[in-house]
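Hello,

Here is the structure we talked about. Please open it first, then read my notes below.

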Amino acid sequence: MLLKRFLTSLVLGPSIIAAVILLPGYGFAMLWGFVILLGAWEWTNLAEVKSLTKRILYVLGVLLSILFFYFWKNILEFVASLFDRAEWLQWSGIMDWWAIPVIIFWLVIGVKMKRNPTRLLESKWSTESRLMIGWIVLVFSWMFLRRLDSFWDWQMTLYFLLLIWIADVAAYFVGKRYGKEKLLPEISPGKTVAGLYGALFAGLFFSLATALYYNYIIKAVIDFAFLSLVTIMFSVNGDLLVSLMKRIRGVKDTGNLLPGHGGILDRIDGILAAAPVFYIGLVLLHRQYVG
């Protein structure tokens, strides 16, 4: 299993890095959108949607949502022109405000999983509620990672992805070596407190090294490191939510597309929760230091 995991990562890693560096903005948006649609297909299985037609309609719904957010500014300009209301164009920047309810959603999910995981597992989750959760998770992760790639250069997108991957790898190996106390055994028996500390330590080192390389001032170094640590904490929530959905569904992996890793959702679960937090954190830091 570990060998398959390594070989798959050996192929995926350089491919994704090359895509981030070489693809134009619309190309990255399309690629990330395709990944999200694959994740939407897997989510229909987690939600126990058995009808092929309904699974396809759900994926199409996610696709239409992605297209709506991608062309939001164009849609707004068109509607404003129809009603001759140029002042409506000021709402073009409303997309960033979506981060508030999305982050609150992830905070609530994290608190509920921590406080009473058994109750969550024993609750009768309707297919509709699971599909709605999937829509929120998938669509907004696409939107904020796409905005990250659009409004910052490719280095910041690459940093974000490497941060999540480094934290994930550190959590795995530190947890294997030193993990005794389980983080949330009811939801994810493999995750340990030591693994979480390993992820945070590795992320801290990576963030400090990156900030110092780009010659950030000391306060900015501290703020950037803090944002990176918060991002890692939220990525754990994404990992745990997908694990929760898998346990409710009674499956080990979300799919079998990636040898050694499982499905697409097994690979991007941390990114799903972390992307909105990292993006809006950068927006706030930019306003603080640039204005």
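Start with R130. At 4% relative accessibility, R130 counts as buried (buried means under 20% relative accessible area, exposed over 50%, and partly exposed in between, with a 1.4 Å probe and protein chains only). Before going on, note that this is a predicted model, in which local features need pLDDT of at least 70, side-chain atom pairs count only at pLDDT 80 or more, and totals for chains, interfaces and linings use all residues. Residues are numbered from 1 along each chain as its sequence is written, and side-chain values use heavy atoms, with hydrogens and water left out.

**Around R130**

R130 sits in helix α7, residues 127-151. Helices are DSSP runs of H or I with at least four residues, strands are runs of E with at least two, and both are numbered from the N terminus. The R130 side chain reaches the backbone oxygen of W125 at 3.1 Å. Which residues does R130 contact, leaving aside its neighbours within four places in sequence? They are W43, L46, A47, E48, W125, M245 and I248. Contact means heavy atoms within 4.5 Å.

**α7 and α8**

Helix α8 covers residues 154-178. α7 and α8 pack at an angle of about 140 degrees, with their axes 6 Å apart. Axes are lines fitted to C-alpha atoms, for helices over the stretch in contact, and angles run from 0 to 180 degrees between N-to-C directions. α7 and α8 are therefore oblique to each other. The cut-offs: under 35 degrees is roughly parallel, over 145 roughly antiparallel, 65 to 115 roughly perpendicular, and the rest oblique. L145, L148 and D149 of α7 meet M156, T157 and F160 of α8.

**α2 and α3**

Now look at helix α2 (residues 25-46) and helix α3 (residues 52-70). Their axes are 9 Å apart, and the angle is about 150 degrees. α2 and α3 are therefore roughly antiparallel to each other. The contact includes Y26, A29 and G33 of α2, and L52, R55 and I56 of α3. By class, this contact of α2 with α3 has 15 nonpolar, three polar and one charged residues. Ala, Val, Leu, Ile, Met, Phe, Trp, Tyr, Cys and Pro count as nonpolar, Asp, Glu, Lys and Arg as charged, and the others, Gly among them, as polar.

**R267**

R267 lies in helix α11, residues 264-289. What joins the side chains of R267 and D168? A polar contact of 2.6 Å. That term means a pair of N or O atoms within 3.5 Å; within protein, one must be able to donate a hydrogen and the other to accept it, and residues adjacent in sequence count only if both atoms are side-chain atoms.

Best wishes
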